[in-house]
Amino acid sequence: MARPREFDEEKVLELAVEQFWERGYEATSIRDLAEAMGLTTASVYNAFGDKRAVYRRALDFYVERSFVDRVGRFETKSPRLAIDAFFSEIIERSLSDSKRKGCMLVNSALEVAPHDAEFQRVVADVLVQVEGFFLRCVQRGQEDGSIGNRHPATNLARTLLGSLLGIRVLARTRPEKELLEGLIQPVFALLEPNATKQLEAARS
C-alpha cells in the first residue's frame, strides 16, 4: 500500500514555480528544486518525476493561477472595460516585478518551447485561449458599439495578444510605466468606437 504524501502538493508546486520562474528551466537542477520545495531529490522524483515533468506541472499550475484566473475575473465585465482592466493589471504586475522575472509562460515560449514539441503545444494552446478571450471581448464590443468595427475582430484580438507578449518581454529590461502604457495606447486607439456609433449613442 502506497504511503500518503507528507507534504502539501499545492504548496510545493508554488515553490517549484518560484524556482523555475526566477532562474529559468535550464539553470534549475533537480537538486535546486528539491531544496526550494523542501523535499529530498528522491521525494521529488517519486512525487512528480524528472525535472521536465516537474516543470510541466509547475507551468500548468502557473497558467491556472494567472491567465485562467485573470480571464475568469474579467470575462464578466463589459467588453472594453475587460480589455482595459486586463492590460492595466498586466502593466501593474510588470512594474512591481522587482526581480524582473517576467511571465513564466512567455519565458517558456522563449526558452523551452523552441526545443520541445510538447511545451510548444502547451504554450500555443494557452496563447490561443488568451486570444480567444480578446476575440470574445472585441466581438461583443463591436456588437454593442463600444468597440469600432473598422478592423476585423480577429485582427484586433491578435494585435492585443501581440501587445501583451511585447509588454511582458519589454518589461524585463525596461519596466517603465510611460513606456509600457505608451505601447498599448495606439492599440487601444484601434478599438475606439466609430464616430457614427458614438453619435447614435449620444442621441439615444
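Is Arg 70 buried or exposed? Arg 70 is buried, with a relative accessible area of 4%. This is a predicted model, and the domain assignment of the protein gives domain 1 (7-59) and domain 2 (77-193).

**Domains**

- The centres of domain 1 and domain 2, taken over C-alpha atoms, are separated by 28 Å.
- In the contact between them, 13 residues come from domain 1 and 15 residues from domain 2.

**Nonpolar core**

- The largest nonpolar core holds 62 residues. Those touching the most other members are Ile 83, Phe 86, Phe 87, Met 104, Leu 105 and Phe 134.
- Both domain 1 (7-59) and domain 2 (77-193) give residues to this core, so it lies between them.
- Phe 86 is buried, with a relative accessible area of 0%.
- Phe 87 is buried as well, at a relative accessible area of 1%.

**Aromatic rings**

- The count of aromatic pairs comes to 12.
- In one of them, the ring centres of Phe 20 and Tyr 25 are 6.1 Å apart and the planes lie at 20°. Stacked pairs have planes under 30 degrees apart, so Phe 20 and Tyr 25 count as stacked.
- Phe 20 and Tyr 25 are both buried.
- The rings of Phe 86 and Phe 87 have centres 5.8 Å apart, with their planes at 65°. The edge-to-face class needs an angle over 60 degrees, so the pair of Phe 86 and Phe 87 is edge-to-face.
- Phe 86 and Phe 87 also belong to a cluster linked by ring pairs, together with Phe 74, Phe 133, Phe 134 and Phe 188.

**Charges over rings**

- Lys 51 lies over the face of Tyr 25, at 4.3 Å from the ring centre.
- Over the ring of Phe 74 sits the charged end of Arg 73, 5.0 Å from the centre of that ring.

**Salt bridges**

- Side chains of opposite charge can pair when their charged atoms come close.
- The whole structure contains 20 salt bridges.
- One of them joins Arg 52 and Asp 116, whose closest N and O atoms are 2.8 Å apart. This pair links distant parts of the chain, since its residues are 64 residues apart. Arg 52 is in helix α4 (residues 51-74), while Asp 116 is in the loop between α6 (104-111) and α7 (117-144).
- Arg 52 is partly exposed, with a relative accessible area of 31%, whereas Asp 116 is buried at 16%.
- Arg 52 and Asp 116 are also members of a network of salt bridges that takes in Arg 56, Asp 60 and Glu 118.
- Another salt bridge forms between Asp 69 and Arg 73, with the closest N and O atoms 3.0 Å apart. Asp 69 and Arg 73 are 4 residues apart in helix α4, which means a separation of about one helical turn.
- Both partners are partly exposed: the relative accessible area is 36% for Asp 69 and 35% for Arg 73.
- Arg 70, the residue of the opening question, meets Glu 89 in a salt bridge of 2.8 Å, N to O. Arg 70 lies in helix α4 and Glu 89 in helix α5 (residues 79-95), so the pair ties together parts that are 19 residues apart in sequence.
- Glu 89 counts as buried because its relative accessibility is 19%, and the cut-off for buried is under 20%.

**A buried lysine**

- Lys 101 lies in the loop between α5 and α6.
- At 12% relative accessibility, Lys 101 counts as buried.
- Not counting residues up to four places away in sequence, Lys 101 touches Glu 18, Trp 21 and Glu 22, as well as Asn 107 and Arg 172.

Definitions and conventions. Residues are numbered from 1 along each chain as its sequence is written. This is a predicted model: local features need pLDDT of at least 70, side-chain atom pairs count only at pLDDT 80 or more; totals for chains, interfaces and linings use all residues. Side-chain values use heavy atoms; hydrogens and water are left out. A nonpolar core is a set of buried Ala, Val, Leu, Ile, Met, Phe, Trp, Tyr and Cys residues joined through side-chain atoms within 4.5 Å. Buried means under 20% relative accessible area, exposed over 50%, partly exposed in between (1.4 Å probe, protein chains only). Domain bounds come from an automatic or database domain assignment. Rings of Phe, Tyr and Trp (its six-membered ring) pair if their centres lie within 6.5 Å; planes under 30 degrees apart count as stacked, over 60 as edge-to-face and the rest as tilted. A charge sits over a ring if NZ of Lys or CZ of Arg is within 6 Å of the ring centre and within 35 degrees of the ring normal. A salt bridge is a side-chain nitrogen of Lys or Arg within 4 Å of a carboxyl oxygen of Asp or Glu. Helices (H or I, at least four residues) and strands (E, at least two) are DSSP runs, numbered from the N terminus. Contact means heavy atoms within 4.5 Å.
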